[in-house]
Amino acid sequence: MGSTQAPGDKAMEKLIKKNKEDSSKHSDEDRVTFDDILSELGEFGLEQKLNYFMFSLPYIMSAMQLLGWVFVGANMSHRCRLPSEVGLENVSFSYNNTLWESKSCSRSIDNVTTACEDGWVYDRSQVEDSVVSDWDLVCNREGLRATVGASPMAGYLVGGFVFGILTDKIGRKPTFMISNIMMAAGGLLAAVAPEYFTFVAARIVTGFAIAGVEASCFVMGMELVGPSKRTLAGILCWFFETTGLLSAVTLAYLVRDNWRLLQTIYSAPALLFLAYWWVAPESVRWLVARGRNTEARALIHRAAKRNGVTIKDELIEDMEQTIKKEVEEESASKTYTAVDLFRFPNLRYKTIILLLCWLTCASLYYVLLLDQSELSEDKYLGFLITAAVQLPGYVYVIFTLERPAFGRKRSMCMFLILSGLALCSHPFVPESYPKVRIGLSIIGRFAANCSYTILNLFSAEQFPTVG
């Protein structure tokens, strides 16, 4: 015989259920998060500024290491060495020989053309020494130079996955130390590489390490910044990268006659960051998540002292409990993978569109930095212009990105269209209008850099955070 339930009992069950839901809701609202601690500390106080500056400096080194290749491996005009020039040093690039005709990849006499069997003579009027001239990466070996240019990106791709895991497993600071040592070692190995393949291997290691340096520095620099200042902080770090590019071209201009010395100068300063083991703090979030609360509290109190505020231990304890619960919830929840980005329609569309945007923007950003031939015949001036146009772009983004009339998506689409129009129309402008061609190139570079900067912020905001 089935049991019966009075209407009053059903009403009581509904009330109890409602109270439980309300209790759970209030419990979530009462949680003290790390952002609450940052609000008490001051969202961008002295401690945050020092920490942000400290972990932005390595961007200068990574930019020099990555894009310094433009000068270390500078392309040099060349011609075939003539038989009469074999064994001679300091042969002039211009020549006066009525019998032979010397071209970049062939030479001819009496209408008989042969390859450059005796090597090449290089035009050293602008760049006096380069990987290209040392190992003759010209003509049928020109593809080897392109391989060197692409090799750091292959390392960067793998490093992004490896160091992304390491930052959570062993901590942000140890990850930075490991990747920074590898970056310095890879750069210095490239400087003393006895032959081509060792140099390529060193460049792969450098690219692999740069991924770890940038990933750990971005997290460490941004982690103590309050919510309202994160967009600004996410843009300011790019000024340090541009500083690295400007440093690279300045050093290259001063050291033209020895590519190994130049590569050493690009690489060795990274060793100074070994001091971070003693002076840089570990991530507070990571320490709490690993149960190292005493260390985390010491860092929070140090930040409070520097910022001239007081943080109650009770508030810190509540934050620790919140992070502990979040870690427990993440451990109990389903483990998500990259496949899940394509499982749901909304995420799938976002992922595909952003992947295409990344492919386009990243390619534009690095290709335009690697080639400035349409800006100036002077490699140094062309690179200087390309790097310098980034600065007004960052300023523009800072002042417009948070305004409703512009926003992330609208601004990025506008800059992608502008860049596409400028760069696609550039080849159709006659060479008799050099100022127009240069103007279009500069506009295209400016817009491409702005779109790449916005994409870095925009893409991080489009996906849910999961355990």
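The protein chain carries 19 helices and five strands. Both are DSSP runs, numbered from the N terminus: helices are H or I with at least four residues, strands are E with at least two. This is a predicted model, in which local features need pLDDT of at least 70 and side-chain atom pairs count only at pLDDT 80 or more, while totals for chains, interfaces and linings use all residues. Residues are numbered from 1 along each chain as its sequence is written, and side-chain values use heavy atoms, with hydrogens and water left out.

**Overall dimensions and surface**

Along the principal axes, the C-alpha atoms of the protein chain fill a box of roughly 115 × 50 × 50 Å. The chain has 467 residues, and 43% of them are buried. Buried means under 20% relative accessible area, exposed means over 50%, and partly exposed lies in between (1.4 Å probe, protein chains only).

Contact means heavy atoms within 4.5 Å. Of the contacts with a separation of 6 or more, 75% join residues 24 or more positions apart.

The chain holds 45 positive and 49 negative charges, and their mean positions are 5 Å apart. Lys and Arg count as positive, Asp and Glu as negative; His and the chain ends are not counted. Each charge is placed at NZ of Lys, CZ of Arg, CG of Asp or CD of Glu.

**Helix packing**

Axes are lines fitted to C-alpha atoms, for helices over the stretch in contact, and angles run from 0 to 180 degrees between N-to-C directions. Angles under 35 degrees count as roughly parallel, over 145 as roughly antiparallel, 65 to 115 as roughly perpendicular and the rest as oblique.

| Helix pair | Axis distance | Angle |
|---|---|---|
| H3 (residues 46–67) and H10 (residues 259–267) | within 8 Å | roughly 155° |
| H7 (residues 172–192) and H10 | 8 Å | about 170° |
| H16 (residues 379–388) and H17 (residues 390–400) | 5 Å | about 5° |

H10 takes part in two of these pairs. At an angle of roughly 155°, H3 is therefore roughly antiparallel to H10. Met61, Met64 and Gln65 of H3 make the contact with Gln263, Tyr266 and Ser267 of H10.

H7 and H10 pack at about 170°, which makes H7 roughly antiparallel to H10. On the H7 side, the contact residues include Gly187, Leu188 and Val192. On the H10 side, they include Trp259, Arg260 and Thr264.

For H16 and H17 the angle is about 5°, so H16 is roughly parallel to H17. Here Thr386, Ala387 and Ala388 in H16 meet Gln390, Leu391 and Pro392 in H17.

**Individual residues**

Most residues other than glycine have a negative phi. Asp136 has a positive phi, near 50°. Cys139 also has a positive value, near 55°. Asp136 sits in the loop between helix H5 (131–135) and helix H6 (142–169), and Cys139 lies in the loop between H5 and H6. Asp136 counts as partly exposed because its relative accessibility is 24%. Cys139 has a relative accessible area of 19%, so Cys139 is buried.

Leu50 belongs to helix H3. Its relative accessibility is 39%, so Leu50 counts as partly exposed. Leu50 and Ala280 are 230 residues apart along the chain, yet their C-alpha atoms are separated by 9.9 Å.
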